[in-house]
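Subject: Structure handover

Dear colleague,

Here is the structure for your files. My notes on what was found follow below it.

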Amino acid sequence: MTLEACYEKMEADYGDVKRRFQSDRLIQKFALKFLNDPSYGNLCQALKEERYEDAFREAHTLKGASQNLSFTKLHEESGKLTEALRGGASPDAEALFDQVSVQYEKVCQAIRQFQGELEG
């Protein structure tokens with residue numbers, strides 16, 4: 001799988017990230033590092049514990065990381081969740097978090113497949 005195919009699989013914008021980073025090596029480096037980013041796990045924990053200020057911060061961090069890497073769908077969904085949590089608890093947070101989770105898993109699955117093919 002090429003890096004471009006990986007981006008296509010996760011419904012991300014390879015052209016945008018390529019313009020920003022200008023190097024597949026750099027894109028690859030930061031995409032692989034994304035798998036170790038704690039923001040999503042921290043977001044899950046904060047929501048579970050109803051720590052909405054922390055959940056807002058983690059959703060915002062996830063939004064920023066996904067924007068920088070042009071993970072388009074994840075950026076969009078985490079942005080919606082960020083705005084819902086901006087004022088604290090939100091009746092929409094659970095449904096929005098579910099959408100973030102779907103996109104997060106799609107991104108991570110594509111990156112893991114790409115990583116596996118690199119190592120294999």
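Of the contacts in the chain with a separation of 6 or more, 63% are between residues 24 or more positions apart; contact means heavy atoms within 4.5 Å. This is a predicted model, in which local features need pLDDT of at least 70 and side-chain atom pairs count only at pLDDT 80 or more, while totals for chains, interfaces and linings use all residues. Residues are numbered from 1 along each chain as its sequence is written, and side-chain values use heavy atoms, with hydrogens and water left out.

Overall fold

The chain has seven helices and zero strands, taken as DSSP runs numbered from the N terminus (helices: H or I, at least four residues; strands: E, at least two). Its radius of gyration is 14 Å, close to the 14 Å from the globule rule for 120 residues, so the chain is as compact as a globular protein of that length. That radius is taken over C-alpha atoms, and the rule is 2.2 Å times the number of residues to the power 0.38. The C-alpha trace spans about 40 × 30 × 20 Å along its principal axes.

Of the 120 residues, 40% count as buried, meaning under 20% relative accessible area (1.4 Å probe, protein chains only).

Helix α6

Helix α6 covers residues 72–85 and reaches 20 Å from its first C-alpha to its last, close to the 20 Å expected. The expected span of a helix is 1.5 Å times one less than its number of residues. Buried residues in α6 include Leu 74, Leu 81 and Leu 85. Among the elements that cover the buried residues of α6 are α5 (52–68) and α7 (93–119).

Thr 82 lies in this helix and is buried, with a relative accessible area of 0%. Leaving aside neighbours within four places in sequence, Thr 82 is in contact with Phe 56, Ala 59, His 60 and Lys 63. Thr 82 and Lys 9 are 73 residues apart in sequence and 24 Å apart in space, C-alpha to C-alpha.

Helix α7

The 27 residues of α7 should span 39 Å, and the end C-alpha atoms of α7 are 38 Å apart, which agrees. Its buried residues include Phe 97, Tyr 104, Cys 108 and Phe 114. The buried residues of α7 pack against α1 (3–9), α3, α4, α5 and α6.

Regards

Technical notes:
Buried means under 20% relative accessible area, exposed over 50%, partly exposed in between (1.4 Å probe, protein chains only).
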